Amino acid sequence: MPNSRIMPAAMTLKQWYFVHKWTSLICTVFLLLLCLTGLPLIFGEEIGHWLGTRVEPPAMAGQLPRTDLDALVADARARRPGDAVLFLSQNDDAPAWFVSMGRTPDATEDSAVFVYDGRTGAFLQDLPLRQGFMHVMFTLHVDLFAGLPGTLFLGGMGVLFVLSVISGVVVYGPFMRKLSFGTVRHDGSRRLIWFDLHNLLGIATVVWALVVGGTGVINTLARPLFTYWQQTELAEMTAPWQGKSLLTVFSSIDRAVVVAETIDSWKETAFVAFPGTPFAGPHHYAVFLRGKTPLTARLIEPVLIDAETGAIAAVRAMPWYVTALSVSQPLHFGDYGGLPLKAVWAVLDIITIVVLASGLYLWWKKRTMVVEQLLVEAEPHALPAGPLPIGEDA
Amino acid sequence: MMSVHLTAHQVWGMPIALGAVSVVGLLAALLGDGVWDVVSWSALSLPIAVILSYVGMPHRQSCCVTHGLSVCSSSSHKRSR
């Protein structure tokens with residue numbers, strides 16, 4: 001008698017198998033692309049240093065005070081007169097500051113990004129933008145070179161992937177009811193070996209795959225979520241200044257950052273959006289603070305500084321959906337535990353590629369078989385069930 | 001032909017254990033630096049180690065259970081490839 005605790009009714013298994021087969025088939029090609037482009041992205045920082053596209057500030061002894069940020073911005077403006085300053089941001093690890101410039105204050109694309117040493121103010125490099133191998137990998141991974149529609153399409157593929165993994169776990173039980181864990185029947189047909197490998201590699205890495213897949217889907221919502229934030233929270237925070245004209249001369253940015261950081265001594269500046277950008281509105285600097293510990297670094301708090309008077313205009317915690325986005329990013333990139341974690345991430349990525357490719361192979365080899373035949377074939381010592389396609393033996 | 005059914009614990013024990021270790025590995029480095037990072041990548045490499053150990057393991061068990069020892073050798077069990 002079949003053990004009904006781990007063997008759902010054959011009808012339900014058929015449905016779950018159908019879900020697994022079809023969600024997998026539709027998304028597999030795109031997931032393979034995401035996994036392959038994702039592999040170099042894991043080591044983006046290291047590759048950037050190796051290729052020379054990223055320059056590190058030189059090591060200096062001691063905790064030196066931050067240089068005058070007004071000087072950085074003035075230098076950046078001098079390099080690109082006519083362009084607007086969009087963002088000023090701080091690197092997570094190295095004491096480098098980035099000044100992003102755009103053709104107009106509401107430009108969606110940077111015209112230049114200048115990197116400075118945060119302790120001396122020395123100019124380090126003009127970041128190469130939108131070029132090179134890593135740019136191709138990144139853009140393919142993020143939107144297939146198709147902008148927001150491309151991103152949302154990949155998000156849809158991510159949802160199918162998550163469904164594929166979940167349904168795979170559901171059908172794992174019945175298929176493994178007679179096979180001890182991890183069995184790989186090396187003496188079986190090629191098809192059987194790959195079946196065993198697909199199951200072993202898949203079930204062992206299922207949590208990682210779900211987390212990386214799920215956080216990938218959340219990341220595709222980044223732009224829509226921030227647009228929503230701008231239209232709701234930011235609009236409320238800047239409401240008292242509605243109707244005022246766009247400023248042309250701004251108060252000191254260095255002063256703005258210092259004043260913002262007085263709000264909370266446990267926080268530091270992550271980045272600053274300049275007046276005119278959608279993140280700050282026409283009249284303010286938006287200084288985004290973040291915590292200093294690994295746990296609190298994901299919690300950002302925007303402080304609006306009046307860019308005319310330099311006074312604090314509004315402070316408000318970020319809503320839950322932005323926090324969710326912030327936490328999703330490290331869990332997707334795998335860059336939050338040093339190089340060893342990145343190495344493990346890469347191996348798990350490769351394992352996922354093998355699971356995807358073997359799944360495709362198994363579907364191709366077994367596409368004429370129904371679930372009952374597949375179940376019989378999965379059992380130990382069983383001979384392949386059902387008619388085999390002419391000319392193939394495995 | 002005798003067929004051996006595994007219990008739910010036998011089927012799901014290892015996957016659940018690996019899943020729990022993976023959750024610990026994913027969260028540890030988020031919570032701190034230094035030793036937390038070590039916990040993270042050590043835990044996440046456990047599924048990899050488990051996979052490698054099973055891939056390398058010669059398979060004879062279940063065929064012995066059902067056929068008896070006389071046919072239990074890889075050469076006589078070879079299928080056409």
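B:Val39 is found in helix H2 of chain B, where helices (H or I, at least four residues) and strands (E, at least two) are DSSP runs numbered from the N terminus. With a relative accessible area of 35%, B:Val39 counts as partly exposed, a class that lies between buried (under 20% relative accessible area) and exposed (over 50%), judged with a 1.4 Å probe and protein chains only. The model is a predicted one, in which local features need pLDDT of at least 70 and side-chain atom pairs count only at pLDDT 80 or more, whereas totals for chains, interfaces and linings use all residues; side-chain values use heavy atoms, with hydrogens and water left out. Residues are numbered from 1 along each chain as its sequence is written, while chains are lettered from A and ligands numbered from 1 in the order in which they are written.

B:Val39 also belongs to a nonpolar patch on the surface, which it forms with A:Leu295, B:Val23, B:Val24, B:Leu27, B:Leu31, B:Val35, B:Trp36 and B:Val38, and which has about 760 Å² of accessible area together. Patches are made of residues with over 30% relative accessible area and no salt bridge, like charges being joined within 9 Å and nonpolar side chains (Val, Leu, Ile, Met, Phe, Trp, Tyr) within 5 Å. The accessible areas come from the Shrake-Rupley method with a 1.4 Å probe, and for residues only the protein chains shown count as cover; a salt bridge is a side-chain nitrogen of Lys or Arg within 4 Å of a carboxyl oxygen of Asp or Glu. Helices H1 and H2 of chain B each supply at least two residues of the nonpolar patch.

The secondary structure of chain B comes to three helices and zero strands, and its elements run α-α-α from the N terminus on. Of the 81 residues in chain B, 33% are buried. Chain A, by comparison, has 12 helices and eight strands, and buried residues make up 51% of its 394 residues. The C-alpha trace of chain A spans about 80 × 45 × 35 Å along its principal axes.

The largest nonpolar core has 49 residues, and those with the most contacts inside it are A:Phe181, A:Trp208, A:Tyr336, A:Trp345, B:Leu26 and B:Leu44; such a core is a set of buried Ala, Val, Leu, Ile, Met, Phe, Trp, Tyr and Cys residues joined through side-chain atoms within 4.5 Å. Among the helices that each supply at least two residues of this core are H1 (10-42) and H5 (147-175) of chain A, together with H1 (8-31) and H2 (35-55) of chain B. Helix H11 of chain A gives the most to this core, with nine residues. A:Ala357 also has its place in helix H11 of chain A, and this residue is partly exposed, with a relative accessible area of 37%. A:Ala357 and A:Trp194 are 163 residues apart in sequence and 9.9 Å apart in space, C-alpha to C-alpha.

Two residues of a loop in chain A deserve a separate description. A:Leu144, which is not a glycine, has a positive phi of about 55 degrees and is placed in the loop between helix H4 (132-143) and H5 of chain A; its relative accessible area of 25% makes A:Leu144 partly exposed. A:Phe145 lies in the loop between H4 and H5 of chain A, has a positive phi near 60 degrees, and is partly exposed at 48% relative accessible area.
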